[in-house]
Amino acid sequence: MTTRTIGFQQSLAHEWIKFRSLRSLVWTTAATAVVPVLGAVFVAATGSLRPDDTELGGSLTLSVVAQLLAAVTGALVITGEYGSGTIRTTFAATPRRTTVLSAKAALLMGLTYASALLSCALACAVGGALLDEGRYAQGDPLPALFGIAASFTVAALLGLAVGTLVRHSAGAVTAVIGVMLLPSLIGPLFGDAQRWVAGVSPTAALQKLTQTSDATSETVGSLGAWPSLMLVAAGTTALLLLAAGALRARDL
C-alpha cells in the first residue's frame with residue numbers, strides 16, 4: 001500500500017480555498033487594500049499636509065495602518081487553524097509541515113503584493129487628483145510603489161512567522177503589532193541611538209519609501225529606503241526559518 005503525498009501545488013490550492021472561506025482573512029485583506037485610498041481622500045479633504053511633505057507621502061498617510069493589517073492577516077492565516085483545530089486535518093493531509101508553511105507564505109506573498117501595489121497606486125492617483133497641483137512636491141512614486149508593496153508583503157510574512165511561533169490569534173496579533181511599532185515607540189528613550197532603534201522596524205522602511213517628511217535621519221536613521229527594506233526582509237526571513245524549525249519540532 002502506498003501513501004500519496006500532497007505536494008506544494010496541491011497544498012497551495014488548499015490554502016487558497018481555506019483563505020477565501022474565512023471571513024476574517026477576507027475582511028482584513030480588503031481593509032488592507034481600502035485603507036490607503038481612504039487615507040488619501042481624508043488628507044486631501046482636510047488639507048493636513050505639512051509644507052515640506054510630498055504628494056506621495058500625503059497620499060499614503062495611512063499606509064502604516066494598512067501595513068499593520070497586512071501583518072495581522074499573516075498571523076491569522078495560521079492561528080485561525082490552531083484556534084479551530086483544523087490544523088490537525090491540514091497536517092494529516094500534508095505531513096510535511098514545511099510544505100504547508102511554504103504554501104501559506106507563497107499565497108500571502110502573491111495576494112499581499114498584488115493588492116498593496118494596486119491600492120497604493122490608486123491612493124497616489126486619488127491624492128494627486130485631489131491635492132492642490134503645484135503646492136507640494138510630487139515625490140518619486142516609481143520605483144517606490146514596488147518597494148511599498150514589498151514592505152506590505154514582508155509585514156504579512158512577519159505576521160505568519162509570529163503566528164506560527166505563538167499559535168494563538170490574540171497573542172500573535174498583539175505580538176506582531178508590538179514587533180512593528182515598539183522600535184518607533186521606545187526609540188526616543190535611547191537619545192542619540194533612536195535612529196538605530198527605530199530604524200530597524202518595518203514601519204520605518206515604509207516611511208522612507210513613501211518619502212514622508214516624518215522619516216528624518218534623526219528618527220529613523222540615515223540608511224536608505226531600499227537598504228532598510230532589505231534589512232527588514234532579512235530579519236523576517238530569519239524569523240520565518242526559526243518558525244519553520246519550531247513547527248517541525250513541536251507537537252500540535
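**View 1. Lys18 and its salt bridge to Glu81.** In this predicted model, Lys18 is partly exposed, with a relative accessible area of 24%. Lys18 forms a salt bridge with Glu81. The closest N and O atoms are 3.1 Å apart. Lys18 sits in helix α1 and Glu81 in helix α4 (residues 63-84), so this pair ties together parts 63 residues apart in sequence. Glu81 counts as buried, because its relative accessibility is 4% and the cut-off for buried is under 20%.

**View 2. Glu81 also forms a salt bridge with Lys104.** Here the closest N and O atoms are 2.4 Å apart. Glu81 belongs to helix α4 and Lys104 to helix α6. The two residues are 23 residues apart in the chain. Lys104 is buried, with a relative accessible area of 2%.

**View 3. Lys104 forms a salt bridge with Glu15.** The closest N and O atoms of this pair lie 2.8 Å apart. Glu15 is in helix α1 (residues 8-21), and Lys104 is in helix α6. They are 89 residues apart. Both Lys104 and Glu15 are buried.

**View 4. A network of salt bridges links Glu15, Lys18, Glu81 and Lys104.** The structure holds four salt bridges.

**View 5. Helix α6 meets helix α7.** The axes of α6 (residues 97-130) and α7 (residues 141-166) come within 8 Å. They cross at roughly 145°. The crossing is right-handed. Contact residues in α6 include Leu101, Lys104, Leu108 and Tyr113. Among those in α7 are Phe146, Phe152, Leu157 and Thr164. The contact residues divide into 19 nonpolar, three polar and one charged.

Terms used: Residues numbered from 1 in each chain as written. Predicted model: local features only at pLDDT ≥ 70, side-chain atom pairs only at ≥ 80, totals over all residues. Heavy atoms only, no water. Axes fitted to C-alpha atoms, helices over the stretch in contact; angles between N-to-C directions. Helix = DSSP H or I, 4+ residues; strand = E, 2+ residues; numbered from the N terminus. Left-handed = near helix turned anticlockwise from the far one by under 90°. Contact = heavy atoms within 4.5 Å. Nonpolar A, V, L, I, M, F, W, Y, C, P; charged D, E, K, R; others polar. Salt bridge = Lys/Arg side-chain N within 4 Å of Asp/Glu carboxyl O. Buried < 20%, exposed > 50% of the residue type's maximum accessible area, 1.4 Å probe, protein only.
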